[in-house]
Amino acid sequence: MESSSGNEISPLDFSKIDINILNAENSSSEKNIYIFFSFDLVGSTKFKVEEPSSWPFIIFKFYEFIYNEVKNKIPQILVWKYLGDEVLLYVSIQDFESDAMIYEIPNLVFTIQSKVATDIQTLINNKKLNLDIKSTIWIAGVKNVKSQVFNPNDISVIDSNYQNLRMSLTVGNQLQVDFLGPDMDTGFRVAKFAYHHKVVLSADFAYLLYRMKKPKKQKGIDDCIKIVSFEILKGVWNNKYYPIIWYYPNWKCIEKDFLYADHKENEIVDRILSNRIESINRLENVYEELGKLEYIDGFVEECIAINSSSEKEAFVISNESK
């Protein structure tokens, strides 16, 4: 992404660029649905040990590359925070003109992480040190709360459909934002099952994609997202098994994207290479068995209804993503 002067935007300047969007968002509806993104640099710990003088520059460039690539593809996206070797971002689904744009997000993220990984490796110029990127996408209904007027004893800020909070606090001329709630916790738990050069999706986001009508000329999502495991995530779904879902554009060729010993080091890779994975349509049965089908169907219908509204301002993903 370029600034008005034609230069690449530094991630350190994101607050200056996004402040108008943040202010507009802060004055928007009390409730919203957001899509969250995590991009994590893989192999950075070893790199910091072996390249003590150059790693700060590489981490900074990672921030910069991710920020510019994502902003080019989804201009309305906002940086949530930088956490060490991880960049967290979010965007309201109201900022997408159609369901087709949301449908495209996993491939968009896959493309971004692949390009940034290549760009980072080119900077390193050391074939013995490999840095890669893994990413996570999740979705949540959120209630917007201004911290200045938030009473921690007022439980009315929580309701059955929006149990997550978006806290906003103005410090000086800067608007600081944070997200709290069970779906935030779930997103971070799911992220632990992300793998380099793959995209992991939360079950709710994957189900939303599954229920959406396939846009014309786009590959069916059933071919690209698979349930690769069921894992117990601490505090999630009352500690019942949670479906781990990966996005990959061509599963017939996925084994070429693993190193020779990956299946020994990662049980999910072993499951994939042994063809012990499941179709995404299994999710419907999972939600039904958990007694969550009515809730998730209502959530999906709400998401689709928001994107079917003719009153909102049109927003289009950059053509550069295609």
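Here are some questions and answers about helix contacts and pockets in this predicted model.

Q: How do helix 3 and helix 5 run relative to each other, roughly parallel or roughly antiparallel?
A: Let's start with the axes of helix 3 (residues 55–73) and helix 5 (residues 105–124), which come within 10 Å and cross at roughly 150°. Angles over 145 degrees count as roughly antiparallel. Helix 3 and helix 5 are therefore roughly antiparallel.

Q: Is the crossing of helix 3 and helix 5 left-handed or right-handed?
A: The axes of these two helices cross at roughly 150°. As for its hand, the crossing of helix 3 and helix 5 is right-handed.

Q: How many residues of the contact of helix 3 with helix 5 are nonpolar?
A: On the helix 3 side, the contact includes Phe-57, Ile-58 and Phe-62, along with Lys-61. Helix 5 brings residues including Leu-108, Ile-112 and Asp-119. By class, the contact has no polar residues and five charged ones, while the number of nonpolar residues is twelve.

Q: How are helix 7 and helix 10 oriented to each other?
A: The axes of helix 7 (residues 203–211) and helix 10 (residues 282–290) come within 10 Å and cross at roughly 125°. That value falls between the ranges for roughly perpendicular, 65 to 115, and roughly antiparallel, over 145. The two helices are therefore oblique.

Q: Which residues of helix 10 meet helix 7?
A: From helix 7, the residues taking part are Ala-203, Asp-204, Ala-206, Tyr-207 and Tyr-210. The residues of this contact divide into six nonpolar, no polar and two charged. The partners in helix 10 are Leu-283, Glu-284 and Tyr-287.

Q: Which element gives the largest share of the lining of the largest pocket?
A: The largest pocket has a volume of about 650 Å³ and is lined by 24 residues. The largest share, four residues, comes from helix 5.

Q: Which residues lie nearest the centre of the largest pocket?
A: By class, its lining has nine nonpolar, eight polar and seven charged residues. Nearest the centre of the largest pocket lie Val-42, Asn-130, Asp-132, His-196 and Leu-259.

Q: Which element gives the most to the lining of the second largest pocket?
A: The second largest pocket has a volume of about 470 Å³. Its lining counts 23 residues, with Pro-182, Asp-183, Asp-204, Trp-237 and Lys-292 nearest the centre. The elements giving two or more residues are strand 4 and helix 6 (182–191). With five residues, the element that gives the most is helix 6.

Key
Residues numbered from 1 in each chain as written. Predicted model: local features only at pLDDT ≥ 70, side-chain atom pairs only at ≥ 80, totals over all residues. Heavy atoms only, no water. Axes fitted to C-alpha atoms, helices over the stretch in contact; angles between N-to-C directions. Parallel < 35°, antiparallel > 145°, perpendicular 65-115°, else oblique. Contact = heavy atoms within 4.5 Å. Nonpolar A, V, L, I, M, F, W, Y, C, P; charged D, E, K, R; others polar. Left-handed = near helix turned anticlockwise from the far one by under 90°. 1 Å grid on protein atoms, 1.4 Å probe; cavity = no way out; pocket = protein on both sides within 12 Å on 5 of 7 lines; lining within 4 Å. Points joined across faces, edges and corners; volume = space filled by probe spheres on them.
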